Every structure is written in structure tokens, then in C-alpha cells.
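Please read them with the structure open beside you.

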Amino acid sequence: MLKFVEDLLQGERVEWKRLGGITKIFSGRNKERSENGKYPLYGSTGVIGRTDYCEYTTEQLLVARVGANAGYVHIASSEYAVSDNTLIVQNSDCLLRKFLYFSGIQRIKQIEKRQWTTSNYLIKGTQLKELAIPIPPLRVQEKIVEVLDKYTALEEELEAKLKIELALRQKQYEYYRNKLLTFGDEVEWKRLGGGC
């Protein structure tokens, strides 16, 4: 085990528990969309539309259960509804939502979950309920979340900088490609099928 995790634990044990024993897991059920709806409608990858129906007002963990995004995890908050292609995970008092989010992202990917069904991937609620995750003391969960939040912010900053750099390199490539492939009258032009 890593030294800093050992220091955080201060000799306390980490219990492994099944998600079904410490959370409530159920499927969203909203199928009603409204172009000008008052509430966001969450689906497998985040907000997928609007609806006139508010189903939830507390922050919850959502897991995509169907399709190519099966296993994608995100957090919904404020007033919202959840589509029927998404599982809702309500955590208990022994578990910080953000800790479950961070540990869940890694562990859900390890579920033998992606069962092929008529061209779609699928995660069943029963499979998610069987997933065992580590449950350190709350103070340790808080510290882990604090550290991972910092790394997440650094990663997002780096990704933004890389996108800018990639766009600049693409412009540079296009500039040099156009310069290198622009010929004047000194070049003889031939059809591709005509030979050299």
C-alpha cells in the first residue's frame, strides 16, 4: 500500500462492501422532454435535454447503463430529472458521494458489465449492486477527495492547454503543407493514370 494512504489510515482498517448493501440503486424513469422545459434532463453523459418535470432535488451519482457510454459516471445536482437509460446511486452516511464518484469510475469499468445485447452495451442494476468498493473512515475519504480534486483540476487545466497547443500545431501544419505543395509554372502537371 502507498505510504501516504497508510499515513491517512493511521492503522484503521478499510472494509470492502458491496454497493447494494450501502447504497440504493435504481433506474431513472423520465421519458418526457420539452424544448423549453424548466429542468435539466440527465442521461448517460450529462444533460441531454430539458423537461417540465422535476424528479430530484438532491445531489446524486448517475451511471450510464446502456450503449457505448455504459459505465460513464457523473454527478447531478440542483433540480433535475433522470432518463430511463441511467442508473441512480444514492449513497449512505458512511460514504462521501465524491469518494464514491472517484472510486466508482475506476471500479465500474472493471465490472464484467458490458454484455452484448442487440448491438448495445448494458450495465444492470444488479451487477452494480454486486460491485465491492473500499470504505475507509470518512476523514480518510475527505482527504482522498481533496487530493483527487486537485489532480482533477490540474488535469483539466492541462487538457485545455493541450487543446490550444494542438490547434496551433494544426495551423502550423496547414501553413507548411500549403507552402510545400504550392507550385508555380516550373512544375509539369500530369494526370494520375498517365505515368511519369
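1. Glu146 is partly exposed, at 38% relative accessibility, where partly exposed is the class between buried (under 20% relative accessible area) and exposed (over 50%), computed with a 1.4 Å probe and protein chains only. Glu146 forms a salt bridge with Lys150, with 3.7 Å between the closest N and O atoms; the term stands for a side-chain nitrogen of Lys or Arg within 4 Å of a carboxyl oxygen of Asp or Glu. Lys150, at 52% relative accessibility, counts as exposed.

2. The model is a predicted one, in which local features need pLDDT of at least 70 and side-chain atom pairs count only at pLDDT 80 or more, while totals for chains, interfaces and linings use all residues. Residues are numbered from 1 along each chain as its sequence is written, and side-chain values use heavy atoms, with hydrogens and water left out.

3. Glu165 is partly exposed at 36%, as is Arg169 at 39%. Salt bridges that share partners also join Lys143, Glu146 and Lys150 into one network. In the whole structure, the search finds seven salt bridges.

4. How far apart are the end C-alpha atoms of α5? They are 61 Å apart, which agrees with the 63 Å that its 43 residues should span at 1.5 Å a residue, the expected span being 1.5 Å times one less than the number of residues. Helices here are DSSP runs of H or I with at least four residues, strands are runs of E with at least two, and both are numbered from the N terminus.

5. Gln141 also lies in helix α5. Is its side of the account buried or exposed? Gln141 is buried, with a relative accessible area of 0%, and Val140 and Val145 of α5 are buried as well. When neighbours within four places in sequence are left aside, Gln141 is in contact (heavy atoms within 4.5 Å) with Cys94, Leu95, Leu96, Phe99, Ile135 and Pro136.

6. The aromatic pairs come to four, counted where ring centres of Phe, Tyr and Trp (its six-membered ring) lie within 6.5 Å, with planes under 30 degrees apart called stacked, over 60 edge-to-face and the rest tilted. Tyr42 and Tyr80 make an edge-to-face pair, 5.4 Å centre to centre with 75° between the planes. Because Tyr42 lies in strand β3 (residues 39-43) and Tyr80 in the loop between β6 (73-76) and β7 (81-82), the pair ties together parts that are 38 residues apart in sequence. Both residues are buried, Tyr42 with a relative accessible area of 12% and Tyr80 with 0%. The rings of Tyr175 and Tyr176, with centres 5.1 Å apart and planes at 80°, are likewise edge-to-face, but Tyr175 is partly exposed at 46% and Tyr176 at 47%. Tyr42, Tyr56 and Tyr80 form one aromatic cluster.

7. Leu181 sits in the segment after α5 (138-180) and is exposed, with a relative accessible area of 56%.

8. For the chain as a whole, there are five helices and nine strands. Buried residues make up 32% of its 196 residues. The chain exposes about 13,300 Å², of which carbon and sulfur atoms supply 53%, the areas coming from the Shrake-Rupley method with a 1.4 Å probe and, for residues, only the protein chains shown counting as cover.
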